[in-house]
Amino acid sequence: MTSLLTGPDARARCAWVGDDPEYRRYHDEEWGTPLHGDRALFEKMALEGFQAGLSWITILRKRPRFREVFAGFEPEAVAAFDEADVERLLADPSIVRNRAKIEATIGNARVVRTMAEGELDALMWSFAPGATRARPSSFAEVPAVTAESTALSKELRRRGFRFVGPTTMYALMQSAGMVDDHIAGCWRA
């Protein structure tokens with residue numbers, strides 16, 4: 001598989017974008033852009049957890065509804081969800097209806113609620129590896145797991161977070177700009 005793809009606008013992009021306009025927008029505007037804030041990172045954590053075992057485009061297309069039914073991913077609001085909310089979410093065909101992932105999102109919000117303002121942001125970014133790694137020149141050079149994502153996963157689990165495995169945390173690190181895995185030659189690189 002080629003690592004770059006030229007889009008209809010003549011820009012070279014990471015080939016995972018394919019020809020999907022929503023993926024192209026996400027790649028161009030969000031993926032790899034530094035993201036800060038407890039609410040924003042909590043949302044990323046939740047959505048990456050829901051993505052486990054699925055394609056990211058599935059989650060991306062469902063994201064507006066996820067935001068609606070999960071109170072904009074405001075940790076304080078989600079932490080207050082109860083069993084009736086779980087049942088409401090399980091009945092909503094517009095999201096991923098997985099009880100374990102729903103309950104993990106609510107539980108993770110409760111953990112965030114116990115943290116000081118800005119603590120989740122500082123914690124997650126403390127595991128960012130910095131700019132020492134060379135830019136990948138192909139997909140083969142992009143890892144699925146790193147020492148940093150493994151350490152972040154371990155620390156989050158120690159604090160009580162769920163659905164935060166090393167692969168999921170590396171995907172979060174990529175999407176939140178903690179690492180920059182745009183392939184050399186991509187216009188975003």
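Modeller: Start with handedness. A crossing is right-handed if the near helix is turned clockwise from the far one by less than a right angle, and left-handed if anticlockwise. This is a predicted model. In it, α2 passes α6 in a right-handed crossing.

Biologist: Which residues of α2 and α6 make the contact?

Modeller: From α2, Phe-42, Met-45, Ala-46, Gly-49, Phe-50 and Gln-51. From α6, Lys-101, Ile-102, Thr-105, Asn-108, Ala-109 and Val-112. By class, that contact has seven nonpolar, four polar and one charged residues.

Biologist: Why are α2 and α6 called roughly antiparallel?

Modeller: Look at the angle. The axes of α2 (residues 38–51) and α6 (residues 99–113) cross at roughly 160°. Angles over 145 degrees count as roughly antiparallel. The two helices are therefore roughly antiparallel to each other. Their axes also come within 10 Å.

Biologist: And the whole chain? Which elements does it have, from the N terminus on?

Modeller: The order is β-β-α-α-α-α-α-α-α-α-α. That is nine helices and two strands.

Biologist: What makes the chain as compact as a globular protein of that length?

Modeller: Its radius of gyration is 17 Å. The globule rule gives 16 Å for 189 residues. The two values are close, so the chain is as compact as a globular protein of that length. Along its principal axes, the C-alpha trace spans about 50 × 35 × 25 Å.

Biologist: How many of the residues are buried, as a percentage?

Modeller: Buried means under 20% relative accessible area. By that cut-off, buried residues make up 48% of the 189 in the chain.

Notes. Residues numbered from 1 in each chain as written. Predicted model: local features only at pLDDT ≥ 70, side-chain atom pairs only at ≥ 80, totals over all residues. Heavy atoms only, no water. Axes fitted to C-alpha atoms, helices over the stretch in contact; angles between N-to-C directions. Helix = DSSP H or I, 4+ residues; strand = E, 2+ residues; numbered from the N terminus. Parallel < 35°, antiparallel > 145°, perpendicular 65-115°, else oblique. Contact = heavy atoms within 4.5 Å. Nonpolar A, V, L, I, M, F, W, Y, C, P; charged D, E, K, R; others polar. Rg over C-alpha atoms; globule rule 2.2 N^0.38 Å. Buried < 20%, exposed > 50% of the residue type's maximum accessible area, 1.4 Å probe, protein only.
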